[in-house]
Structures are given as C-alpha cells and as structure tokens.
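Thanks for coming. I will go through one chain today, and I will give each term its cut-offs when I first use it.

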Amino acid sequence: MLDALAARENFPVAARLLPARHRADLRAVYGFARLVDDIGDEAPREQRADLLALVDDDLDLVFKGGTPKLPQLRRLAGTVHAHAIPAEPFRRLVEANRQDQVVHRYETFEQLVEYCALSADPVGRIVLHVFGAQGAGLEGASDRVCTALQIIEHCQDVAEDHRDGRVYLPAEDLRRFGCEDADLARRATPTRLRGVLALEAGRARDLLDRGAAPLLKGLSGWARVAVGGYVAGGRATLAALAEARYDVLAHPPRPRRAAVLAGWARALGRG
C-alpha cells in the first residue's frame, strides 16, 4: 500500500521539494504505513496478530494523549495532533493487514476495490488532513486515485505477491483469460496473463483519470505539488507496464525518473 501512494520513484523527489514541515509529517505517516505493512508481510506469521494488536494499542495511546511504545507511533503522534487527523484511517490500515493474513485471493474486481478501501484509500485521506484539504469534498476523488495506484502496484508485483501466497488479480478475470496458477510463477509472463494485466491496468487508468482531474483541481499550493507527483508516478508506471507489454514476471517494470518528472509537470499544468 505505502509503495502505491509513494509511487516508489517520486516520493524522494517530492520530499526534497516540499517544505520541511510537510516532509516531516509525510514521513511520519509513511513510517506508520510501512511499519504496519512490514508486520503484515515480513514478521513471523505466528507473531503478526500480536504485533498488529500492539500497533492498535499504541494508536489508543496516541489518541488519548499518552506516550506510545513504538518509535513510529511516537513520531506519528505529533502529526496527528497538529492536523487533527482522526483515528479511523489508521485503524483501516491495520485492518487491511489483518485481512491479508486470512484472505489471500479476491474473486472479483469489486472485491479487490473493497480491499483497497482499507489498504490504500486511508493514506490519501490522511494526506488531505496533512495539507489541510479535508472537508472540501475531495475524498471520493482521492479514493479513486489511491485505489488506482494500489492496483497498479499489484500489477507490478504479481510474482512477489504469488511467492508470498497472495493473488490480487481477480480470480474471475484469470479464469476468463484461461490462466492457471502456475502461470503466476513463470519466468516470463504468458500471453494470457498479459491480457489480465492489461485489463486491470486499464481499469486502474480509468480510476486514475476520473480521480486525478477533480482532485488536482480542488487542491492548491504544496498539496497540489505533492499529489501531482503521486499521479505522475502512477501514469508513468502504467506507461512502463504497457511498454514492457505487461511482462511483469521477468523484470517488474518501473517508471523512469524522467518520465515521472515530465508527467508531474503535465499534471500540475492541467491542475
């Protein structure tokens, strides 16, 4: 999830461009999201539930004005209080990782979007608070952008997810194209799997198009600069996927920095 919003390639650039106060707040938010993702993906399986419960306990302390035990939560506390960010989006990120422990596949695209409402959309809503843009009617547009970025990441990371025992590509789409489970573990992406990836990437592009325009139009200042970078990263990754003809198993396509920067400038110009 975190990688989806940070778009891997553009957040370091954004961090250098933004004022120090925004850099610190965003890094605190991303530190929390990375912590939760790392617990859900990399901690010993028998410890994950207890560790996620520890995060929940620390969130209780953050919102009650106490001192959290985890350093990531201590850093987050200042950002939460400075911007009056509610607890719900943080709780949803924890819940997404709990869901990852028991749900390893999604039957339909609609179910995948529901998962993204837990794993991706909350980060966008937190970012709106960081920039003081909450309550301006931009939440729906932000959700579409974040869901799009999450789906793009799932398209890139098919092999990694499969090794971890997870398949985010909708099962009904895999069946529709005649894909078998073994196709997800090949060294090169078979044509039928490329068809599924092109379908999901097209859906992500549609969500990104429908979310980016109203979101950027409704933002100003540094908020528009930062979000423009996230949008540009998503568009550049979609272009990289298409350029690689959706062969994500051999070498997961990553956007070039120059393409992200050019797209960033275009996004800001349109906004």
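How far is the sulfur of Cys146 from the closest cysteine sulfur, and which residue holds that closest sulfur? The partner is Cys116, and the distance is 9.7 Å, too far for a bond. A disulfide here is a pair of cysteine sulfur atoms within 2.5 Å. Searching the whole structure by that rule finds zero disulfides. Cys146 has a relative accessibility of 3% and so counts as buried. Buried means under 20% relative accessible area, exposed means over 50%, and partly exposed is in between, using a 1.4 Å probe and protein chains only. Cys155, at 2%, counts as buried too.

Before I go on, some ground rules. This is a predicted model, in which local features need pLDDT of at least 70 and side-chain atom pairs count only at pLDDT 80 or more, while totals for chains, interfaces and linings use all residues. Residues are numbered from 1 along each chain as its sequence is written, and side-chain values use heavy atoms, with hydrogens and water left out.

pLDDT is the predictor's confidence in each residue, from 0 to 100. The average over the chain is 91, and 90% of the residues score at least 70. Residues 1-12 are below 50, and in the model this stretch has 45 contacts beyond near neighbours in sequence. A contact means heavy atoms within 4.5 Å. Where pLDDT is low, the predicted coordinates should not be read in detail.

Now the overall picture. The chain has 14 helices and zero strands. Both are DSSP runs numbered from the N terminus: helices are H or I with at least four residues, and strands are E with at least two. Of the 271 residues in the chain, 54% are buried. Among contacts with a separation of 6 or more, 71% join residues 24 or more positions apart. The accessible surface is about 11800 Å², and carbon and sulfur atoms account for 51% of that. Those areas come from the Shrake-Rupley method with a 1.4 Å probe; for residues, only the protein chains shown count as cover.

Next, the aromatic rings. A pair of aromatic rings is described by the distance of the centres and the angle of the planes. Rings of Phe, Tyr and Trp (its six-membered ring) pair if their centres lie within 6.5 Å; planes under 30 degrees apart are stacked, over 60 edge-to-face, and the rest tilted. The whole structure contains five such pairs. In one of them, Phe32 and Phe90 have ring centres 5.3 Å apart and planes at 85°, so this pair is edge-to-face. Phe32 belongs to helix α3 (residues 20-42) and Phe90 to helix α6 (residues 88-102), so the pair ties together parts that are 58 residues apart in sequence. Phe32 is buried at 1% relative accessibility, and Phe90 is buried at 0%.

Tyr106 and Tyr115 have ring centres 5.3 Å apart and planes at 35°, so that pair is tilted. Both tyrosines are buried. Going back to the phenylalanines, Phe32, Phe63 and Phe90 form one aromatic cluster.

There is also a charge over a ring. The rule is that NZ of Lys or CZ of Arg is within 6 Å of the ring centre and within 35 degrees of the ring normal. Arg203 lies over the face of Phe109, 4.6 Å from the ring centre.

What about the backbone? Most residues other than glycine have a negative phi, and most peptide bonds are trans. Arg245, which is not a glycine, has a positive phi of about 55°. Tyr246 also has a positive phi, near 60°. Arg245 sits in the loop between α13 (221-243) and α14 (257-270), and Tyr246 lies in the loop between α13 and α14 as well. Arg245 is exposed, at 62% relative accessible area, whereas Tyr246 is buried, at 14%.

Trp222 is partly exposed, at 36% relative accessibility. Trp222 and Leu17 are 205 residues apart in sequence, but their C-alpha atoms are 9.1 Å apart in space. Apart from neighbours within four places in sequence, the contacts of Trp222 are Leu17, Leu18, Pro19, Arg21, His22 and Phe131.
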